Each structure stands twice: as C-alpha cells, then as structure tokens.
Amino acid sequence: MSSQILPYKSADGSTAVPQDFQVDWRMGFLPPQMPLSRLPTAWEAWEATLDAATSQRFKAAEQLAALGGPQKFVEEKKASAWRKLIDKMPVLSIDNIKGCERELRRAHLVLTFMVQFYAHTTPPTESITIPRSLTVPLLGVSSELNHAPFVTYSDHDLHNWSLNDPRGQDAVPMSDNIQSQLTLSGTPDEAGLYLVGLRMELKGAEALESLRLSTNEIEAGNNIDVDRITTYLTQTTKVIQELKGILMTTKELVRPEIFFNDIRPWLVGADADKWGRKWVWEGKEEVENSEQMLTKVSSPTAGQSPLIPTLDAYLGIEEDDSKSSFLDRVRVYMDHQHKEYLQSLRLRKKVIRSFVQSIAKEGGTNTPIVVAYNATIQAMKSLRDAHLVIVTLYIIIPSKKKARISEMDTKLSSVDTGPVSGEMGDHEQGSETNNEHTGEAASTVDQVPKLLKILKGFRDQTGQNCIE
Ligand code: HEM
C-alpha cells in the first residue's frame, strides 16, 4: 500500500520535510502495515505467557471484591500461579529489535498487557510490585519508541488490529475487514470497543486528507479555488457526521455493565489504584530516565487519540485553558510522531479559519464557503454531543449505580470488606483527574459534575467557533 506523509510546517512556521510523521492518507493515524500478531521466537516467552493469561480469562481484583467463597479462592489461585511464572521469567534483551518499529510496537502491547494482568490480579491485601522481567524490557522498549511505559490508546487501538481477510485489503472496505487482536477481559464487548475506535480512525483519515488539501491550497496562495475548498469542507462535514454514527454503534457493540464492571477495571492506571497502592517497578534503576518515564502511567482513554484534536486544530477551533491543559495531559500518551504533528498544527496559524473569515468579511456569512465551514463546526459540536451520550451511558450511570449499591452494602453490613487499614492514605501518585478516564466508581461519582462540566465545556466551545 502506498503511504503518504503529510506536509509539515515546524512550530516557527518554516517549511520542514518530515522524515516520518506516520500519518497515512488512507489509514490516518493507524499504521499502514498490519501490526505484528506475534514477536519473533526469541521473545516467545512473552507471547506464551500472555497467551496463558488471556486463555485463563482472569478476573481483576476489583471484580473479585464482589465475589466470595470458593470461586474467589479459585480465581486468586490461578492468577497467583501465573504471576509466579512472570516472577521467574528471565529478563529478555531487546537489543535485536532496536530500530524495528513493528516489533517494538508489538513488544509494547504485549508487555503493557502483561503488566495490567499482573497488577490488577494482585489481591488488594498485597502490594503491587511489577517484576524486573516486565519492568526492564518495557522501559527499554518505551525508551526506544519514545512512548509512555504504560498501556495507551495507541496500544489497544492503533497497533492492535488485524484483517479478517488479509487478501481483501483492497477489495473489502477496511472498516468491515478489520478487528482487534488482543483484549484484556476476553469479552466481545472489549473487542467492540476497540473496533469503534479503529473504524473512527479509518473514516477520520478521509477528513484529515480533505483538510490537509485545503490547508495546502490556501497556503500556496496562488489561484485558490474557493469552490474546491468549499467541497473539501462539505466532504469533511459528511465524514464527521459518519464519525458520529460510528461512535453511536458503541451502543450495539458494548454493553454498559460489561464496560463498567468487566473491562474498565483492567484499564485503571498505576496512579489510580482503587486501594491507594503505589506501584513498585522492580529494576527501574537499570534503565536510564526511568523516573521521568514512570510519570506517564495514567489510565488509557480514547481521548488519547490524535484524531479529534487534529480535526479541531485544522479547523482552527479555539482552545481555552481547560482544553489546552487537557490536551497537554493526553498528548504525552500519543505516538511521538503524532504528538509532534498535532503540536505543529496547534501552534500554526489557523489557515482554513482565517481564510474563511476573510471571505465572510467581504461577502457575508451566506457565502457558500462560510456556510460550509459553519456546517463543519456544527458537525464537530454534534459529534461531542454524541460523545456525551456515550460517557453518560458507560460511565456516569453505572458509576452512580455502583455507588448506590456500595452505600446500601455499607448500611447493611458492619463488616469492612474495603481497603486494609493504613493503605488508603498512601495515594501518593494519584491525581483527581486520573480516575476520570476509566470512571473509577467511588471517586467518579463525586467527580461526575466536574467531568460533565469539562466535556460540555469542550462541546459548547466548539459551537462558538461558527463564523458570524
Ligand atoms: C465507551 C466509549 C467511551 C467512553 C466511556 C469515553 C469516555 C471518555 C471520558 C470519560 C473522557 C474525558 C476524560 C478523560 O479522558 O480524561 C473522554 C474524552 C474524550 N474522548 Fe471518549 N470515551 C469513549 C469513546 C471514545 C471514542 C471512540 C473516541 C474517538 C476516537 C473518543 C474521543 C474522546 C475525545 C476526543 C475526548 C476529549 C474530549 C473532547 O475533545 O471533547 N471517546 N472520553
């Protein structure tokens, strides 16, 4: 497949030719080549140990907290046996995959999934110590990739797919032919969750291309074809409307209670442990710059996708302080080329918007290009409306329900089944906002107004960018 790197201007506005920003005209932020489904045999120990975890369908400690009796005992025993395998696993060298992007991406996915299995099957009464066999290669791989040493949207979506029919790469529409490779919970709902992201990335690539072409034409500055740019904007609007439709298919593919109870607990960050434990990373001192890397350990979220912020940036949507600080927080989890690409667009002058504004000044807001631009802005606002519906269904309602149930349990029972005394106060790495990603019930219920305020703020601010 041919891959085209998008033209790029550096932050100071000078033209620069990127070596590789890994943005493909057809795949958008997905890699144009199918991600590896297995590492070479030298790293088979990792693949086999991950297989052992996925095939046993472990339950996370948070899920087990709701169980009792023999079932809980059996679950804890089988996960503990698996963790012992990891403890004994040798520290495999990554020297032979240095410089090999696909191998490094697969290694990052495999290692971060094993870290999540290891940490989240550790009973609440024990501390979480990620063994050297995972810490050292994970930090090494992350350093090579210049990526956070934690599971990110880039892992579970961008670099976690295969084609149902590899021969149908061109014959079958990609979005019908694509599926995710790995899940943590083993549920079809988790595969569905990742599929929605994959389909949005694929569809979104079409809008990125239209906006790139518009920007280039305006920047070139000679004989700008206003009708053509109007058409590009109309095409972009249509794509954004389709993105909304894809986002809403979450309701068909993912059951809210499965998301909240079975998927979410596996995706909780190291800075948001339910029992306030601080994760220990054994062997981290063996890897240069590990302390700095290990500050990037928050829960993954589709908010880490560069797609929507890149569309915002191309359209010149204003960022207030809240939006800027949100983007600054999530961009550290993006693939570094995507992060740089997004950053360059955010810092660049608003090429399309300024052009449309200048036409509106002369010709008024009924000019076709102004009408087309405003329709695109409205479509972005409407996409955010749909996202709010999803957040309400998948996080807000279930977290309120869970909080109600635990409140009733507390009233009914005098037995404390919660954290071991003394553990709660040790939440050193935590931050208020980190739980928002996965909707950690106990705290999210208190944070619901804040989360809604932020997301509604982003939605309303988008709408205010219509040219009047
Ligand atoms: C069940 C599905 C989803 C849930 C529960 C969900 C939840 C959330 C939450 C809680 C936030 C705000 C807090 C944070 O990330 O720290 C957020 C933000 C965001 N999410 Fe989602 N999300 C879902 C699917 C998606 C998908 C598929 C996309 C698109 C690729 C997406 C794009 C975004 C964006 C761009 C933001 C930043 C806010 C904005 O720009 O308006 N989300 N999401």
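Helices (H or I, at least four residues) and strands (E, at least two) are DSSP runs, numbered from the N terminus. The structure is a predicted model, in which local features need pLDDT of at least 70 and side-chain atom pairs count only at pLDDT 80 or more, while totals for chains, interfaces and linings use all residues. Residues are numbered from 1 along each chain as its sequence is written, and side-chain values use heavy atoms, with hydrogens and water left out.

Within helix H17 (residues 368-412) lies His-387, which is partly exposed at a relative accessible area of 34% (buried means under 20%, exposed over 50%, and partly exposed in between, with a 1.4 Å probe and protein chains only). Leaving aside neighbours within four places in sequence, His-387 is in contact (heavy atoms within 4.5 Å) with Leu-247 and Leu-455.

Turning to the aromatic rings, the structure holds nine aromatic pairs, where rings of Phe, Tyr and Trp (its six-membered ring) pair if their centres lie within 6.5 Å, and planes under 30 degrees apart count as stacked, over 60 as edge-to-face and the rest as tilted. One of them joins Phe-117 and Trp-266 edge-to-face, with 5.2 Å centre to centre and 70 degrees between the planes. This pair links distant parts of the chain, since Phe-117 belongs to helix H4 (residues 101-121) and Trp-266 to the loop between helix H11 (256-263) and strand E6 (280-281), 149 residues apart. Phe-117 is buried at 0% relative accessibility, and Trp-266 is buried at 1%. Ring pairs also link Phe-117 and Trp-266 with Phe-58 and Trp-82 into a cluster.
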